[in-house]
Amino acid sequence: MTWRADILTLFPDMFPGPLGFSLAGRALEEGVWSLGVHDLRDFGRGRHRAVDDTPFGGGAGMVLRADVVAEALDSIEADGRPVIYPTPRGARLTQAQSREFASGDGVVVLCGRFEGVDERVLERRNVVQISLGDFVLSGGEIPAYALLDSCVRLLPGVMGSELSDAEESFGDGLLEYPHYTKPASWDGMDVPDILLSGHHAAIAAWRHEQACLVTQARRPDLWAAYAEAKTNR
């Protein structure tokens with residue numbers, strides 16, 4: 001069964017965008033996954049196809065209407081696929097979560113705009129809210145690119161090496177070790193001797209040590225979780 005993504009957006013021309021290139025684009029052409037793009041404006045109200053209105057309680061900006069979003073979502077045969085809404089209010093997306101989404105039949109992604117979406121439709125439709133990080137973007141389309149790319153690359157046959165995912169950042173709870181390639185000497189800097197030794201066990205140990213060091217330095221939160229999980233094994 002083909003893994004399917006459906007996108008609800010006010011800017012359908014933004015897709016497939018970056019998803020039409022590289023690994024995701026090739027997999028799309030080969031039918032490993034499929035993409036449906038749906039214009040929220042098609043479900044707008046009145047002569048001007050309005051999709052938003054002013055927030056109750058006052059405040060700046062506009063809010064996407066619950067009835068419009070609900071009708072748009074109901075027009076898609078989700079077939080049990082999770083409905084995902086990228087928002088700064090969501091839980092931070094993790095590699096484990098992307099792997100979980102990739103293991104299913106696909107996803108439906110609701111791309112918000114303005115001040116967001118009426119909370120009632122998010123609750124009524126059991127929408128999963130995710131965030132890329134602690135910053136704000138103009139809409140959900142760019143997070144949708146990131147979410148779908150993180151999932152598609154995990155589909156069977158998309159990545160060149162079956163070991164790639166396991167060795168990447170977050171694969172085992174650590175950030176990835178540094179990489180080097182030719183030339184062996186560049187700008188007064190040499191590749192670490194261990195990588196030229198041919199001793200695979202020693203190289204693996206060095207890479208693990210480097211992954212630990214970079215995780216401790218850059219993501220102490222990940223390091224604490226990794227250390228706790230290791231202690232509890």
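Mentor: Keep in mind that this is a predicted model. The largest pocket has 35 residues in its lining, and those nearest its centre are Tyr-85, Arg-113, Glu-115, Gly-116 and Val-117.

Trainee: OK, and what volume does the largest pocket have?
Mentor: About 680 Å³.

Trainee: Which helices and strands supply at least two residues each to that lining?
Mentor: On the strand side you have β4 (63-64), β5 (83-92) and β7 (128-131), and on the helix side α2 (66-74) and α4 (119-124).

Trainee: Which of them gives the most?
Mentor: That's β5, with five residues in the lining of the largest pocket.

Trainee: How does the lining split by class, nonpolar, polar and charged?
Mentor: There are 17 nonpolar residues, plus nine polar and nine charged ones.

Trainee: Switching to annotations, what does UniProt list under "binding site"?
Mentor: The UniProt entry, which is unreviewed, lists Gly-112, Leu-132, Gly-133, Asp-134, Phe-135, Val-136 and Leu-137.

Trainee: And which of these residues does the lining of the largest pocket include?
Mentor: Gly-112, Leu-132, Gly-133, Phe-135, Val-136 and Leu-137 are in the lining.

Trainee: Let's zoom in on Leu-132. Where does it lie?
Mentor: Leu-132 is in the loop between β7 and α5 (141-152). Gly-133 has its place in the loop between β7 and α5 too.

Trainee: Are they buried or exposed?
Mentor: Gly-133 is buried, because its relative accessible area is 7% and the cut-off is under 20%. Leu-132 comes out at 32% relative accessibility, so it counts as partly exposed.

Trainee: What does Leu-132 touch?
Mentor: Leaving out residues up to four places away in sequence, Leu-132 touches Arg-92, Leu-93, Pro-143 and Ala-146.

Trainee: New topic, helices. Which residues of α1 are buried?
Mentor: In α1, residues 22-29, the buried ones are Ala-24, Gly-25 and Ala-27. Looking down the axis of α1, they fall within an arc of 165 degrees, so they line one face of the helix.

Trainee: What do those buried residues pack against?
Mentor: The buried residues of α1 pack against β2 (33-39) and α5. On the face of α1 turned away from that buried side, you'll find Ser-22 and Glu-29 exposed.

Trainee: What about just after α1, which residue takes a positive phi?
Mentor: Gly-31, at about 80 degrees.

Trainee: And α3, which residues are buried there?
Mentor: Helix α3 covers residues 95-102, and its buried residues are Gln-95, Gln-97, Ser-98, Phe-101 and Ala-102. Their arc around the axis is only 160 degrees, which means they sit on the same side of α3.

Trainee: Where is Gly-173 found?
Mentor: Gly-173 is in the loop between α6 (164-167) and β8 (185-186).

Trainee: Why does Gly-173 count as partly exposed?
Mentor: Because its relative accessibility is 26%, and partly exposed runs between the under 20% cut-off for buried and the over 50% one for exposed.

Trainee: Last one, what does Gly-173 touch?
Mentor: Leu-222 and Tyr-226, again not counting residues up to four places away in sequence.

Conventions: Residues numbered from 1 in each chain as written. Predicted model: local features only at pLDDT ≥ 70, side-chain atom pairs only at ≥ 80, totals over all residues. Heavy atoms only, no water. 1 Å grid on protein atoms, 1.4 Å probe; cavity = no way out; pocket = protein on both sides within 12 Å on 5 of 7 lines; lining within 4 Å. Points joined across faces, edges and corners; volume = space filled by probe spheres on them. Helix = DSSP H or I, 4+ residues; strand = E, 2+ residues; numbered from the N terminus. Nonpolar A, V, L, I, M, F, W, Y, C, P; charged D, E, K, R; others polar. UniProt positions renumbered as here; feature names shortened; annotations may be inferred. Buried < 20%, exposed > 50% of the residue type's maximum accessible area, 1.4 Å probe, protein only. Contact = heavy atoms within 4.5 Å. Arc of directions from axis to C-beta.
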